[in-house]
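Let's walk through a protein model together, one question at a time. Have the viewer ready and follow along.

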Amino acid sequence: MLRHDAGRTPATRAHVIALLDTFQAAERAGVEAVSRWIVACNDPRLRGGLRVIRARDRRHAELAEARMRALGGVPAARVSRELAAVCEVVGDPGVSDRSKLSMLLARFAPAPEGPLAPLVRRLADDAETHALVATICQDEQMALGWLRRMRDVLQHEGA
């Protein structure tokens with residue numbers, strides 16, 4: 001049920017569906033890019049962690065799509081050109097693992113709330129969707145932390 005807090009404009013069902021659709025499309029694009037990265041990845045530690053990230057992102061997309069469908073939506077979103085370009089680099093076997101990590105992590109400055117916090121706040125009017133995306137946000141924060149540690153390990157070993 002969508003609720004309304006005093007002083008805030010409630011999210012419409014169509015708005016929530018659109019946000020979920022955009023999110024699931026982005027997660028699916030990420031899954032495809034990470035799958036290509038795994039094939040080209042030279043470090044077994046990074047490859048193992050990427051498999052976990054890919055599995056989580058795949059599940060995130062499935063959960064977002066299921067919630068969107070429960071609200072009456074149908075997947076139709078396409079990823080932005082910017083995200084498509086990032087996915088191309090991530091999946092490119094000619095780009096080093098260290099370069100991929102640096103590029104990805106430059107997009108997400110360390111933040112206590114995580115990269116999905118603005119999306120979570122926009123979904124505050126729909127308790128179930130809010131909880132779903134807030135939990136996914138925690139997964140994303142863990143993945144980014146792990147990727148930062150791997151970047152540091154690879155930089156230290158390459159120095």
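The questions below concern a predicted model and go from the overall fold to single residues.

Q: How many helices and how many strands are in the protein chain?
A: From the N terminus on, the elements run α-α-α-α-α-α. The count for the protein chain is therefore 6 helices and 0 strands.

Q: What span should H6 have at 1.5 Å a residue, and how far apart are its end C-alpha atoms?
A: Helix H6 covers residues 127-158. Its 32 residues should span 46 Å at 1.5 Å a residue, and this agrees with the distance between its end C-alpha atoms, 46 Å.

Q: Which helices are included in what covers the buried residues of H6?
A: The buried residues of H6 include Val133, Ile136, Leu144 and Leu154, and also Glu140 and Arg148. Their cover includes helix H1 (13-40), helix H2 (44-70), helix H4 (97-106) and helix H5 (117-122).

Q: Which side chain of opposite charge is nearest to arginine 148?
A: Arginine 148 lies in helix H6 and is buried, yet has no salt bridge. Not counting residues up to four places away in sequence, arginine 148 touches Leu105, Phe108, Ala109 and Pro110. A salt bridge needs a nitrogen-oxygen distance within 4 Å, whereas the nearest side chain of opposite charge is 7.9 Å away and belongs to aspartate 152.

Q: With which residue do the side chains of aspartate 152 meet in a salt bridge?
A: Aspartate 152 counts as partly exposed, at 40% relative accessibility. The N to O distance is 3.2 Å, and the partner is arginine 151.

Q: Why are glutamate 62 and arginine 59 separated by about one helical turn?
A: Glutamate 62 and arginine 59 form a salt bridge, with their closest N and O atoms 3.1 Å apart. Glutamate 62 is partly exposed at 33% relative accessibility, and arginine 59 is partly exposed at 44%. The separation is about one helical turn because, in helix H2, the two are 3 residues apart.

Q: How many residues apart in sequence are the parts that aspartate 126 and arginine 67 tie together?
A: The closest N and O atoms of the salt bridge between aspartate 126 and arginine 67 are 3.1 Å apart. Both residues are buried. Aspartate 126 lies in the loop between H5 and H6 and arginine 67 in helix H2, so the parts they tie together are 59 residues apart.

Q: How many salt bridges does a search of the whole structure find?
A: Some salt bridges are linked in a network, made up of Arg28, Glu65 and Arg69. For the whole structure, the search finds 9.

Q: How many disulfides does a search of the whole structure find?
A: Cysteine 87 counts as buried, at 9% relative accessibility. Cysteine 137 also counts as buried, at 5%. The number of disulfides found is 0.

Note on methods
Residues are numbered from 1 along each chain as its sequence is written. This is a predicted model: local features need pLDDT of at least 70, side-chain atom pairs count only at pLDDT 80 or more; totals for chains, interfaces and linings use all residues. Side-chain values use heavy atoms; hydrogens and water are left out. Helices (H or I, at least four residues) and strands (E, at least two) are DSSP runs, numbered from the N terminus. Buried means under 20% relative accessible area, exposed over 50%, partly exposed in between (1.4 Å probe, protein chains only). Lys and Arg count as positive and Asp and Glu as negative; His and the chain ends are not counted. Contact means heavy atoms within 4.5 Å. A disulfide is a pair of cysteine sulfur atoms within 2.5 Å. The expected span of a helix is 1.5 Å times one less than its number of residues.
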